Structures are given as structure tokens and as C-alpha cells.
Amino acid sequence: MSPGESATRQSHSWSPSPEDGLTGDQYLTEEIAQHVDDLSDAHEPAVYVLELSTPDTSSYEAHARLWLQEHGAVPDYLESIAATERLLYVGAAKNVYDRLQEHLNHPNRSSDVAEVFPIHSVVDVQRFDTPTEAFDAEHRIAMDLSNEEAGAHVHSR
């Protein structure tokens, strides 16, 4: 087991595998570059969509064990996550690059969901002129994505 890797992560297969993504062999700049015209845009206000890795099982108990390792109680929406084919997280930030760095490098400053389920990849980045516009668009983008992505659990704050 490599340093910092939990025994639980080793005991499950994951979909998609965290080792194939940002927590494995992809750089954040490579992931973001696919979604912005210029990397300087990544330091602007934006709404971002992340794909998270989950155990490759629909077992609620497996998901609950992972959740309980990080948090004291299991949320109501965990059953939906366990039953889903894909877990997406929608967030907004004043500086999307810095916020994604926080998600990756400081799990205690990440979202509850991303603390439990490792970030695999950046699915989308939509830049806005102001932080207010980005934060106002976050819920709408999450709702649109929920309607477009059948079989996915779309999580946002």
C-alpha cells in the first residue's frame, strides 16, 4: 500500500479507478486545459464539474462504510450515490484552479462528497465574469446536468 492510501481503497475496485485520474497520474493543469481557452482563464470565476470515483458496487453498505470513515453520520443521498452509474460534483469558485487545488490537496477543505470519493477528472469548466454570476449559475448547471445525465447522481452544495 502506498503512503497515504487507505486500506479501504485497496479492498474495493473503483469506477473510474482513482489511479487513472487526478489522484493518480493526471495533472490538474492538463485536466483544466481541456476546458478553457487559456490556462489564465482557470484563475477566473467559474462553475466546475468533477467526476468522482466510487466503489464499483451498488452495495449501500460499502458506500456507507467509506462515508462513516470520514463523517459521523450517513447522508440521505448516499443511497442515490450507491445506486448510480456515475457521480458528478458541481461547484463554483472565485478562482477555479485554486479551488480545485484545495479539493485535491486539503481534503478537510473539500466538499463532504469529495472527501469520501476521490476526484477522478474535470468534466467541465464554465467561466463567468464575476464570482456572483458563477455562484448564481451553480445550481442551474447542476439541475441541467441532472436532466442530461441519466443514471448519474449530480451533487452540488
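Predicted model: local features only at pLDDT ≥ 70, side-chain atom pairs only at ≥ 80, totals over all residues.

Colleague: How many bridges join strand 2 to strand 4, and how many join strand 2 to strand 5?

Modeller: Strand 2 is joined to strand 4 by seven bridges, and the two run antiparallel. Seven bridges also join strand 2 to strand 5, again in an antiparallel arrangement.

Colleague: What does Tyr48 touch beyond its sequence neighbours?

Modeller: Leaving aside residues up to four places away in sequence, Tyr48 touches a set that includes Tyr89, Val90, Gly91, Val96, Leu100, His103 and Val125.

Colleague: How does one read a nonpolar core, and which residues touch the most other members of the largest one?

Modeller: The general idea is that nonpolar side chains tend to be buried together in soluble globular proteins. In this model the largest nonpolar core has 28 residues, of which Tyr48, Leu50, Leu52, Leu100 and Phe117 touch the most other members. Elements giving two or more residues to this core include helix 2 (28-33), helix 5 (96-105), helix 6 (112-116) and strand 5 (119-127). The largest share, four residues, comes from strand 2. Another core, of 13 residues, lies apart from it, with Ile141, Ala142, Leu145 and Val154 among its members.

Colleague: I turn now to the aromatic rings. How many aromatic pairs does a search of the whole structure find?

Modeller: The search finds three. One of them is formed by Tyr48 and Tyr89, and it is tilted, at 6.3 Å centre to centre with 45° between the planes. This pair links distant parts of the chain: Tyr48 belongs to strand 2 (residues 46-52) and Tyr89 to strand 4 (residues 86-93), 41 residues apart. Both tyrosines, Tyr48 and Tyr89, are buried.

Colleague: Why is the pair of Trp67 and Tyr77 edge-to-face?

Modeller: The angle between planes decides the matter, with values over 60 degrees counting as edge-to-face. The planes of Trp67 and Tyr77 stand at 85° and the ring centres are 6.0 Å apart, so the pair is edge-to-face. Trp67 lies in helix 3 (residues 60-70) and Tyr77 in the loop between helix 3 and helix 4 (78-83), so the pair ties together parts ten residues apart in sequence. Trp67, at 2% relative accessibility, counts as buried, whereas Tyr77, at 27%, counts as partly exposed. Ring pairs link Trp67, Tyr77 and Phe117 into a cluster.

Colleague: What does His63 touch, not counting residues up to four places away in sequence?

Modeller: His63, which is found in helix 3, touches Thr54, Pro55, Thr57, Leu78, Ile81, Ala82 and Phe117. At 0% relative accessibility, His63 counts as buried.

Conventions
Residues numbered from 1 in each chain as written. Heavy atoms only, no water. Phe/Tyr/Trp six-rings, centres within 6.5 Å; stacked < 30°, edge-to-face > 60°. Buried < 20%, exposed > 50% of the residue type's maximum accessible area, 1.4 Å probe, protein only. Core = buried A, V, L, I, M, F, W, Y, C linked by side-chain atoms within 4.5 Å. Contact = heavy atoms within 4.5 Å. Pairing = 2+ DSSP bridges.
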